[in-house]
Amino acid sequence: MNKKFVALTAAALCVAAMGTMASAEEKGVIGVAMPTQDLQRWNQDGENMKAQLEEKGYTVDLQYAGNEVQTQVSQIENMIANGDQLLVIASIEGDSLGTVLAQAKEAGIPVIAYDRLIMNTDAVSYYATFDNYLVGKTQGQYLVDALDLENQDGPFNLEMVTGDPGDNNVNFFFGGAMDVLQPYIDEGKLVVPSGQMTKDEVATAGWDTATAQSRFENILSSYYADGTNLDAVLASNDSTALGVVNALAANYTGEYPVITGQDCDIANVPHIVDGTQAMSVFKDTRTLASKVVEMVDAIMQGGEAPVNDEETYDNGTGVIPSYLCEPTPVTVDNYQEILIDSGYYTEDQIQ
């Protein structure tokens with residue numbers, strides 16, 4: 001081959017590559033702050049968003065904070081100092097970022113709160129999440145249908161486990177479920193033998209499986225050791241549901257309860273398949289990531305992000321324009337279609 005042709009071709013490729021790099025750099029740097037890598041869903045959220053933003057030509061500064069608030073604050077401070085042009089933040093605690101986000105606002109950096117609403121700061125431009133109130137309602141309605149509460153008098157024994165009290169989403173998960181279940185509690189069709197019914201009483205710090213398991217073991221030994229049947233467990237997500245499943249396996253001999261969940265974690269899908277967890281609410285992180293990328297792109301081009309809710313989510317400084325994606329209930333009857341056929345998981349991953 002002609003050496004001159006090879007040299008020219010190499011030069012052309014180099015110029016093209018430099019042009020591509022310049023183009024990506026010109027699109028801007030997006031800071032993505034995720035709470036932890038300890039829960040599977042945040043790994044998927046972060047990686048899905050990073051991949052899709054990079055496909056659009058953005059540089060992505062993705063950070064995980066190990067569920068340490070001060071670490072997340074420091075990471076966001078660095079993002080601001082390093083010139084990141086937009087921040088997407090899934091907060092560890094909804095009230096913990098006011099000071100650092102004041103710096104972002106002063107620097108003119110837009111902020112999208114991701115999945116968890118950041119509270120009591122006027123620096124939040126938009127909120128992107130799933131309809132978390134609907135998540136709770138879906139869980140509550142599943143229990144109503146599974147126990148046939150419209151036609152059965154009961155009483156049925158119910159216990160509840162929700163998530164971290166600092167996570168604003170707990171208010172929506174637990175509130176949505178209780179709006180469905182409370183009338184049946186008032187009628188006496190549902191009873192809670194432990195008496196633990198308030199959000200604070202049923203909370204689980206850090207959404208931690210071991211913490212949920214320990215609390216539930218205490219409930220089982222205190223209220224169900226005499227053979228009393230536990231009929232249903234409202235678990236707000238899969239990490240807490242897994243704690244319940246583990247506690248039941250070690251400490252319970254009655255009829256197996258109906259257990260809810262959320263996120264369709266890999267560790268929980270086999271339990272859905274074998275019936276030890278009745279359902280989970282699926283929040284396809286690919287869908288949320290795609291919507292956030294669309295929002296980022298609109299803002300970075302000088303426009304307004306698409307939203308579909310401007311009434312629901314008040315963070316204490318006003319209603320934050322939001323985009324709500326719709327969650328999907330998953331059971332043994334549809335997990336194959338929703339989780340496997342869609343490419344979210346492979347068969348091997350859930351064996």
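Buried means under 20% relative accessible area, exposed over 50%, and partly exposed in between, with a 1.4 Å probe and protein chains only. The model is predicted: local features need pLDDT of at least 70, side-chain atom pairs count only at pLDDT 80 or more, and totals for chains, interfaces and linings use all residues. Residues are numbered from 1 along each chain as its sequence is written, and side-chain values use heavy atoms, with hydrogens and water left out.

**View 1. Strand β4 has buried side chains pointing both ways.** Val111 and Ala113 point one way. Ile112 and Tyr114 point the other way. All are buried. In a regular strand the side chains alternate between the two faces of the sheet. Strands, like helices, are DSSP runs numbered from the N terminus (strands: E, at least two residues; helices: H or I, at least four).

**View 2. Six strands form an open sheet with parallel pairing.** The order is β2-β1-β3-β4-β5-β11. The edge strands, β2 (59–64) and β11 (322–325), each pair on one side only. From one strand to the next, the twist averages 15°. Two strands pair if DSSP finds at least two bridges between them.

**View 3. β4 pairs with β3 and with β5.** Strand β3 (residues 86–89) and β4 are parallel, over three bridges. Here Leu87 stands opposite Val111 of β4. β4 and β5 also pair in the parallel sense over three bridges. Tyr114 has Ala128 in β5 as its bridge partner.

**View 4. Asp115 sits in the loop between β4 (111–114) and β5 (126–130).** Its relative accessibility is 2%, so Asp115 counts as buried. Leaving aside neighbours within four places in sequence, Asp115 is in contact with Arg41, Trp42, Tyr127, Ala128, Thr129, Phe130, Asn132, Asn169, Lys283 and Leu288. Contact means heavy atoms within 4.5 Å.

**View 5. Helix α2 (residues 40–55) packs against helix α10 (residues 285–300).** The angle is about 40°, and the axes are 9 Å apart. That makes α2 oblique to α10. Angles under 35 degrees count as roughly parallel, over 145 as roughly antiparallel, 65 to 115 as roughly perpendicular, and the rest as oblique. The crossing is right-handed. From α2, the contact includes Arg41, Gln44, Asp45 and Met49. From α10, the contact includes Leu288, Ala289, Val292 and Val296. The residues of this contact divide into seven nonpolar, five polar and three charged.

Notes:
Axes fitted to C-alpha atoms, helices over the stretch in contact; angles between N-to-C directions. Left-handed = near helix turned anticlockwise from the far one by under 90°. Nonpolar A, V, L, I, M, F, W, Y, C, P; charged D, E, K, R; others polar.
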